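Keep the structure open while reading.

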Amino acid sequence: MANRDIVFINPPYERIAPGYEFVKHITNRSPSLGLLHLAAEVRLHGYNPSIIESDIFNLGVDDVAAQVIRQAPSFVGITLFTVGVWGAAAIARKIKAALPETIIIVGGPHISSMGPETIKRFREFDYAVVGEGEKVLMDLLGALEAKGSLWSVPGIIFRKGPFVHTTPGNPVNKLLDDLPFPAWDLLPDFPRAYKPAIYDFPRGPVATIAASRGCPFHCKFCDTSTFGAKVRHYSPKKVFEMMKHLHDTYGVRHIFFVDDLFLASRVRVTELCNLLLESGLKMTWTCTARVDTVKPDVLQLMKKAGCWEISFGLETGSDELLQQMDKQARVEASEQAVKWTAEAGIRVKGLFMLGYPGENPETIQATKEFVRRIPMTIMNLTKFTPYPGSPVYRDLYGTNIREDHWEKMNGMNFVWAPDGISVEELDRHYQEILLWFYKRPQIGMYYLKLTLHYPNHFYRLLRFLMGLAAAKLKSILTGRGGLLVRSRDPNLDAPGP
Ligand code: B12
Ligand code: SF4
């Protein structure tokens with residue numbers, strides 16, 4: 001091997017649907033925590049990692065490839081969400097053309113769900129790692145350097161002649177405490193450049209932590225193929241140490257827990273809260289939760305320990321749809337959980353989706369009524385997307401790969417529409433629901449107060465509002481009557497499965 005350099009890339013992807021470009025001023029700009037974990041692991045074993053965050057620094061395919069070619073590393077590691085696959089392949093092609101010896105390894109959620117198909121389709125990727133990467137990547141690098149057998153490395157995909165092979169096994173990290181801290185020090189301009197969505201935190205700087213991995217539920221729209229069903233945790237002490245490290249070293253004041261099920265263990269959450277309270281570490285934090293995991297006593301403790309916001313996957317206001325999603329929750333339970341959370345003084349964020357199979361005018365109306373009924377001041381509405389790896393993907397597409405949709409799978413495009421509703425109608429409902437929720441005097445007042453209390457959000461808000469006004473004006477001048485998008489994308493499926 002020429003050197004032990006390894007460049008990790010979070011590739012560029014379509015982040016925002018055409019027509020909504022102004023939204024970029026207020027969206028989430030979190031780094032890839034997966035790459036931070038991998039970089040820390042390889043560094044521990046004597047490699048020299050670096051990280052390129054394309055989206056955050058507005059780097060396109062050419063910029064990223066040029067940077068890698070200048071560095072001429074022996075290895076490149078690319079993290080793949082479905083939406084980023086084509087961009088990643090274009091980067092890999094350019095690197096291979098200039099540096100044919102450089103080995104390109106891919107991993108991430110898209111590979112965990114559609115690895116063999118991707119390696120078959122894109123010859124510019126040399127190897128793929130399925131599932132959690134720390135251990136497997138080390139084994140793979142070791143085998144490549146020693147020119148050993150790849151069959152002894154579990155959980156990888158590789159090409160041999162015309163065949164694509166997957167080695168058996170999926171070694172997960174049972175004890176997360178054994179992992180080194182994510183390599184935040186390798187992120188350019190950390191923490192300043194990595195801002196979450198506007199109003200999603202009181203004061204920055206902000207960092208993310210995954211305090212656990214895995215989720216035992218099987219909601220049909222969700223891709224859990226990377227971490228699987230078995231939940232594994234860091235000890236509360238280790239989580240506390242990470243928070244303190246981020247606070248003391250980088251001045252981080254707010255943490256985003258990105259776990260699928262942060263509240264899976266009340267015992268651990270209680271222990272972490274107690275550690276935070278005893279230490280006097282004044283940090284705020286947010287987490288996600290299922291509605292069936294919160295209870296008033298733990299919510300009150302969380303509030304005292306700095307919890308500022310909880311994001312609930314509420315999805316819809318229709319019990320019928322919740323059932324079809326296999327969400328194992330009812331609208332009534334959602335209302336109760338949201339009420340308890342608001343009563344504890346924790347802000348509620350509702351995560352919703354529109355256009356799930358079975359969506360119809362009644363379910364849409366139920367969602368509209370629901371979002372106004374509950375004590376919630378912030379909501380996210382994503383356009384239903386059948387991600388590879390989610391159970392619903394197989395229901396809708398069977399064994400079809402639909403790689404033509406991958407580039408649009410960012411939750412902001414309807415790539416599929418339920419029977420009886422067109423994409424245009426869904427787009428109209430999408431805008432209506434958001435306006436219906438946000439365009440209320442009490443919500444306006446709430447955000448005014450929040451901005452006065454935390455003025456750090458003001459500049460981003462201003463840029464967003466100016467962009468929105470310009471987009472509206474353009475739509476009126478071009479005859480769309482204020483609609484931000486109109487024409488149907490010819491690549492979309494016909495309505496219905
Ligand atoms: C935090 C988060 C975000 C953040 C940060 C994104 C980021 N770049 O990491 C933000 C808000 C920006 C985001 C945006 C999006 N997200 Co998101 N996000 C998550 C979430 C909740 C946690 C991710 C995380 O940090 N995990 C912890 C780290 C340690 O794990 P990891 O990143 O997967 O990395 C491990 C392995 O995947 C593997 N690995 C990863 N990369 C590589 C590379 C190599 C070379 C190797 C060897 C191994 C390897 O090893 C790592 C360490 O074990 C996951 C859900 C989940 N459970 O993972 C969804 C999830 C990843 N997001 C998802 C989606 C769809 C999106 C969006 C496309 C749309 C949306 N819904 O918002 C955008 C696009 C973002 C993009 N391309 O960067 C889907 C992905 C499905 C898919 N097949 O594409 C997930 C799985 C949610 C779900 N259950 O459906 N997201
Ligand atoms: S939506 Fe949440 S609870 Fe459901 S499977 Fe995904 S991570 Fe688990």
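## A parallel pair of strands

In this predicted model, strand β11 (residues 254-257) pairs with strand β12 (residues 284-289) over 3 bridges, in the parallel sense. Histidine 254 stands opposite threonine 284, which belongs to β12.

On to the next pair: β12 and β13 are also joined in the parallel sense, over 5 bridges. Here tryptophan 285 stands opposite cysteine 307 in β13. Strand β13 covers residues 307-315 and is mostly covered, with 9 of its 9 residues buried.

## The six-stranded sheet

These strands belong to an open sheet of 6 strands, in the order β8-β11-β12-β13-β14-β15, with parallel pairing. Which strands stand at the edges? They are β8 (206-209) and β15 (378-383); each has a single partner strand, so one side of each is left without a neighbour in the sheet. On average, neighbouring strands of this sheet are turned by 20° against each other, direction ignored.

Helix α13 (residues 423-438) lies across β14 (347-354) and β15. The helix runs at about 175° to β15.

## The seven-stranded sheet

Another open sheet has 7 strands, in the order β2-β1-β3-β4-β5-β6-β7, and its pairing is mixed. Its edge strands are β2 (48-53) and β7 (163-166), each pairing on one side only. Neighbouring strands of this sheet are turned against each other by 20° on average, direction ignored.

Strand β1 (residues 5-10) pairs with β2 in the parallel sense, over 6 bridges. Within this pair, isoleucine 6 has proline 49 in β2 as its bridge partner. Helix α2 (residues 61-71) packs on the sheet and touches β1, β2 and β3 (75-79). The direction of helix α2 makes about 175° with that of β1.

## Surroundings of ligand 1

How many residues surround ligand 1? There are 42, and the closest are Gly34, Gly77, Thr79, Gly107 and Gly133. By class, the shell has 17 nonpolar, 21 polar and 4 charged residues.

At least two residues each come from α1 (33-44), β3, β4 (103-107), α4 (109-121) and α5 (134-145). The largest share, 4 residues, is supplied by α1.

The residues around ligand 2 are Cys215, Phe217, His218, Cys219, Cys222, Thr224, Asp260, Arg290 and Gly313. Sorted by class, this shell holds 4 nonpolar, 3 polar and 2 charged residues. One of the residues around ligand 2 is Gly313, and its position falls within the range of strand β13, residues 307-315.

## The chain as a whole

Taken together, the chain has 15 helices and 15 strands. Its C-alpha trace spans about 65 × 60 × 40 Å along the principal axes. Why does the radius of gyration fit a compact globule? With 497 residues, such a globule would have a radius of gyration near 23 Å, and the chain has 23 Å, which agrees.

Of the 497 residues, 42% count as buried. Among the contacts in the chain with a separation of 6 or more, 76% are accounted for by residues 24 or more positions apart.

Terms used:
Residues are numbered from 1 along each chain as its sequence is written. Chains are lettered from A and ligands numbered from 1 in the order in which they are written. This is a predicted model: local features need pLDDT of at least 70, side-chain atom pairs count only at pLDDT 80 or more; totals for chains, interfaces and linings use all residues. The radius of gyration is taken over C-alpha atoms; the globule rule is 2.2 Å times the number of residues to the power 0.38. A residue is buried if 20 or more other C-beta atoms lie within 10 Å of its own, exposed if 12 or fewer, and partly exposed in between; C-beta atoms are placed from the backbone. Two residues are in contact if their C-beta atoms, placed from the backbone, lie within 7 Å. A residue is near a molecule or strand if its C-beta atom, placed from the backbone, lies within 6 Å of it. Ala, Val, Leu, Ile, Met, Phe, Trp, Tyr, Cys and Pro count as nonpolar, Asp, Glu, Lys and Arg as charged, and the others, Gly among them, as polar. Two strands pair if DSSP finds at least two bridges between them. Axes are lines fitted to C-alpha atoms, for helices over the stretch in contact, and angles run from 0 to 180 degrees between N-to-C directions.
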